[in-house]
Amino acid sequence: MVGTKTKSKTGQIIAHAILMLGTISVVFPFVWMILTSFKPLSEIYEFSVFPKHWTLDNFKFLLERTYFVRWFGNSVILAVIVTISELFFNSLIAYALAKMKFPGRNLIFILILSTLMVPTEMLVIPWYKLASQFGWIDTYWGIIFPGLMSGFGVFLLRQFMLGIPNDLIDAARIDGMSEFGIFWRVVLPQVKNALSALAVLVFLGNWNAYLWPVIAINSDKLRTLPVGISLFSAADDGQQWTLIMAASTLAVIPVIIVFFIFQRRIIEGISITGMK
Amino acid sequence: MFKRKWAIWMALIALIGTLLLSGCSSKNSSGEDGDGQVTIRYWQYDYASRVNAMNELIKKFEAENPDIKVIHETFPYEQYQQKVAAAMQDKKNQPEIINMYMGWEPKFIDQGFLQPIPDELMTAEEIESHFVPMIKDYQFDGKYYALPIAVRTLAFFWNKDLFAEAGLDPEKPPQTWDEVLAVAKQLTKYDASGTLQQSGYGWNVTGQDYHLFMQVLLRQWGGQPFSDDNRKVTMNSEAGYEAFKWWMEMNTVHKVGKEDFLGTYDKAFLAGKTAMITDGSFRLGGLKDATFNWGVTELPTKTIGGEKHTFGSFFANGITANVSGKKLEASIRFLKFLISDDTMRFWLENVGEIPASNTLANDPALQNDPKYGAFIRGLSYAHATFFADEAGERDAFKLGTDEVVINGADYKAALDQIVESIQQIRDEYFSNH
Amino acid sequence: MEKKPFWTLQRKQAAVAYLFLLIPLIFFLAIRIYPALDAFKTSFQVKGSQPFYYHYQAMLSDKVFSKALINTILYVVITVPLQMLIGLGLALLIQSLNKGRGIYRFIYFIPYVTSAVAVSWIWRWMYFKDLGVFNEILKFFGIPAQPFLTHPSQALISIAAVIIWQAVGFNMLIFLAGLEAIPKLYYEASAIDGANRRRTFFHITLPLLNPTIVFLAVTGVINSLQTFTQVLNMAGAQGGPLNSTKSLVVYIYNKAFLNFNMPYGAAMTVVLFLLILMITIIQIKFLSRSYEHS
């Protein structure tokens with residue numbers, strides 16, 4: 001059951017049975033969200049699973065009467081940029097922390113880790129002050145600058161890099177490779193799976209980011225998807241649930257695409273040769 | 001190697017892209033343009049009909065005032081307060097006029113976000129004679145800081161189909177609270193296992209019944225929620241205990257309704273599962289899609305012909321603290337336009353919120369309007385609650401009612417606890433005023 | 001004798017390391033550390049004759065604060081171990097399959113991907129005391145309806161269940177990556193040695209998964225101590241009923257942004273930060289094993 005494929009058929013059947021059972025509970029809300037996008041507003045109060053009258057009105061409304069497409073585009077661009085930035089910088093930092101020796105290494109690690117320990121809710125006002133000083137409010141840069149690197153990504157990659165045998169690296173050093181070269185050519189390929197997992201998680205985190213984008217954006221055209229979707233929930237006037245679900249359904253598509261792009265790499269084994 | 005080169009290019013493109021895009025901002029600078037045009041910003045929370053109406057109004061205003069440009073920005077309701085709080089930290093991007101819930105005024109004023117309504121726009125006396133009585137509940141040392149276009153009041157909704165089904169006259173809603181209780185008992189259904197299937201009266205704390213208790217029941221029973229200067233909480237008078245007990249017993253003893261039935265009281269009503277609710281004029285929009293026949297009338301009284309009371313609330317427009325000079329002039333002109341009777345009529349027709357001015361409130365045509373009539377008639381006896389800390393006071397109230405509903409606490413003790421908590425909040429607020 | 005050159009290999013490496021870390025450190029200092037310190041400073045803002053530690057003192061006698069603290073610890077203790085165990089179990093199960101890995105990987109990741117709004121709406125619906133899915137099922141078996149979110153005794157656990165439900169996919173994903181990072185050579189070697197599955201698991205897999213476990217445990221705890229969104233969506237900013245679901249960050253958010261009492265919120269943030277820091281350091285010390293394999 002561990003890392004090697006079970007040959008026995010019973011083992012396979014049991015595994016499938018367990019997984020299928022769990023599937024129902026896991027998939028149900030997701031399916032319900034999709035189904036609700038096809039319901040007219042009057043049915044939202046009926047608490048049924050399937051729509052009685054299937055309608056495309058919600059999607060039509062989103063695409064024609066709101067800036068949904070723009071929000072979508074903004075979210076895609078920003079999420080991609082941040083993901084690339086995080087992948088690059090986090091891995092560079094992680095490499096230094098995992099495989100290079102220098103005084104203060106542990107201190108810096110704890111320092112970076114500690115940045116995860118203050119809830120972003122409290123950082124939002126200082127960020128706003130900073131951003132407005134530089135005129136970054138209501139710009140793309142203003143939305144993404146807090147997320148270019150993160151202690152989370154550094155931590156993940158450091159852990160995975162720790163698992164790379166030092167012999168490999170020492171050999172490269174002896175061969176005269178530069179540290180950056182070792183980082184780029186030796187270490188990064190070894191952590192492809194962690195990088196892929198991180199890519200998915202960072203993309204997703206950015207895709208769903210809400211609090212800071214709300215504060216950093218003033219104009220409707222610059223809004224990201226979560227901010228745009230929250231416009232449909234207003235005060236006493238009530239929430240337009242069918243619109244929210246339709247928007248959430250469409251919003252999930254790019255994440256699924258990203259997931260499928262990377263999911264193979266996450267689990268692809270790495271053949272390491274030259275190991276003791 | 002190919003993959004790595006590709007990765008390097010992607011990274012470079014990303015970095016360059018970022019630098020380029022940082023220039024991609026929406027140019028919304030609130031400055032004076034060279035030709036003497038003044039630009040001001042108006043902020044409100046985003047709700048489709050309001051946004052559209054405001055856009056129309058702005059077009060009209062700009063046509064009549066070509067030297068002023070109004071930029072209209074809106075934000076999701078949940079984050080609106082934080083957005084204002086953040087924006088006030090930054091002198092550059094501040095809005096000139098903000099729309100806010102009346103309950104936020106004390107906080108905003110304390111934080112230094114607002115300036116008093118300038119006399120050139122309207123003096124305090126003019127405000128008090130122009131607007132409906134509930135505006136007087138939100139003054140600070142005799143000064144006003146925000147003016148509404150529209151207000152809301154509470155009225156009584158009932159589901160005519162459910163009435164007819166039970167053999168009651170669907171055109172005769174209950175007139176007194178005792179009648180409400182009697183009808184509610186008839187219209188409440190539980191199934192064999194004790195699950196509530198239909199609620200007679202949509203009792204709740206997190207919705208409007210909180211206000212119903214404080215400004216309607218309490219007063220009709222002979223008490224009042226706060227002292228006239230709002231400093232003292234007076235809910236736990238003898239009349240108060242009685243009103244509280246009567247109201248809570250709808251839930252705990254008669255079981256005609258409860259919090260959390262089908263999510264919230266309004267959803268349950270809209271789903272046709274609750275027969276009667278107390279709700280505001282803002283519910284009318286959602287009822288357009290109702291799949292049943294419903295009616296709305298003024299709130300019941302304690303006895304036939306007894307005192308009428310209702311709760312009123314409003315979103316109002318204020319000028320932010322740092323506005324001066326030409327922008328202040330422009331803001332005054334825009335505000336004047338917003339609170340005119342013409343604007344209010346437009347707002348009523350397009351947004352469905354009832355007007356805030358006395359002239360319109362006393363207009364017989366409006367008072368007899370089939371949809372809005374009950375709400376507009378309520379304007380003359382509506383009270384707006386002065387909240388020292390809106391969220392905190394509501395929390396304190398819910399904690400008390402939860403103690404009764406969940407832990408079976410004694411009514412008097414619970415109400416005393418509520419009063420104590422709210423008194424603390426008010427003492428803190430007024431110690432600085 | 002040759003004089004030792006200044007730029008020894010060690011020093012060169014250190015210099016390059018600092019170079020790599022220069023921009024990142026500036027970033028973290030400017031974007032995370034300085035703003036945090038700014039927020040911390042706010043906690044000392046007092047009015048009139050109050051001592052500078054006024055808000056900290058207030059915290060000690062604040063019953064709601066202690067409740068929020070206890071709730072938060074409960075969230076951590078309930079959700080982190082369970083989400084890791086289930087995540088690991090799923091990863092192992094999925095890995096053992098001959099066919100269909102990709103589908104299950106996707107399926108179990110779906111909760112993590114579904115929007116928070118949709119998740120909270122449907123779970124709240126399923127938890128309804130009257131006419132909710134769970135209670136309808138219980139009714140079928142003759143079990144009385146449960147209050148779930150409406151009673152202090154069940155509300156927190158109900159929310160914890162949703163948190164676990166969402167986090168399991170994330171844990172599974174990381175464990176899958178971790179499992180695949182274990183070179184097949186080890187398994188082949190242990191098979192040759194005649195080790196059975198249990199031994200292989202406990203002596204090879206688990207130790208080699210250590211860095212992954214440390215990562216998931218530490219980040220799991222750090223995130224759990226800051227539980228916020230799910231409580232806000234399922235129980236509202238009051239963290240009810242009767243404060244039974246209120247976590248520390250929810251309380252901080254309440255005080256700072258809804259009551260506009262920033263200094264008190266900041267003071268609680270400081271305390272929370274120190275708590276997280278302390279627990280994390282202890283965790284890393286106790287969980288990390290040397291990763292040099294023989």
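**Chain B domains and the A–C interface**

Trainee: How is chain B divided by the domain assignment?
Mentor: This is a predicted model, in which local features need pLDDT of at least 70, side-chain atom pairs count only at pLDDT 80 or more, and totals for chains, interfaces and linings use all residues. In chain B, domain 1 covers 38-152 + 313-383 and domain 2 covers 153-311 + 386-431; the bounds come from an automatic or database domain assignment. Residues are numbered from 1 along each chain as its sequence is written, and chains are lettered from A in the order in which they are written.

Trainee: What separates the centres of the two domains?
Mentor: Taken over C-alpha atoms, the centres of domain 1 and domain 2 of chain B are 29 Å apart.

Trainee: And how many residues are in contact between them?
Mentor: 21 residues of domain 1 of chain B are in contact with 20 residues of domain 2 of chain B, a contact being two C-beta atoms, placed from the backbone, within 7 Å.

Trainee: Which element gives the most on the domain 1 side?
Mentor: α16(B), with four residues. Helices here are DSSP runs of H or I, at least four residues, and strands are runs of E, at least two, numbered from the N terminus. That side of domain 1 of chain B divides into eleven nonpolar, five polar and five charged residues. Nonpolar means Ala, Val, Leu, Ile, Met, Phe, Trp, Tyr, Cys and Pro; charged means Asp, Glu, Lys and Arg; the others, Gly among them, are polar.

Trainee: Switching to Glu428(B): where is it found?
Mentor: Glu428(B) is in helix α18 of chain B, residues 411-431. Its C-alpha atom is 9.0 Å from that of Ala388(B), 40 residues apart along the chain.

Trainee: Why does Glu428(B) count as partly exposed?
Mentor: Because Glu428(B) has 13 C-beta neighbours inside 10 Å. A residue is buried with 20 or more other C-beta atoms within 10 Å of its own, exposed with 12 or fewer, and partly exposed in between, with C-beta atoms placed from the backbone.

Trainee: How much of chain B is buried?
Mentor: 48% of its 433 residues.

Trainee: Now chain A. How many of its residues are in contact with chain C?
Mentor: 73 residues of chain A are in contact with 77 residues of chain C. The chain A side has 54 nonpolar, 14 polar and five charged residues.

Trainee: What pLDDT does chain A average?
Mentor: 85, with 90% of the residues at 70 or above; pLDDT is the predictor's confidence in each residue, from 0 to 100. Over residues 269-276 of chain A, pLDDT stays under 50.
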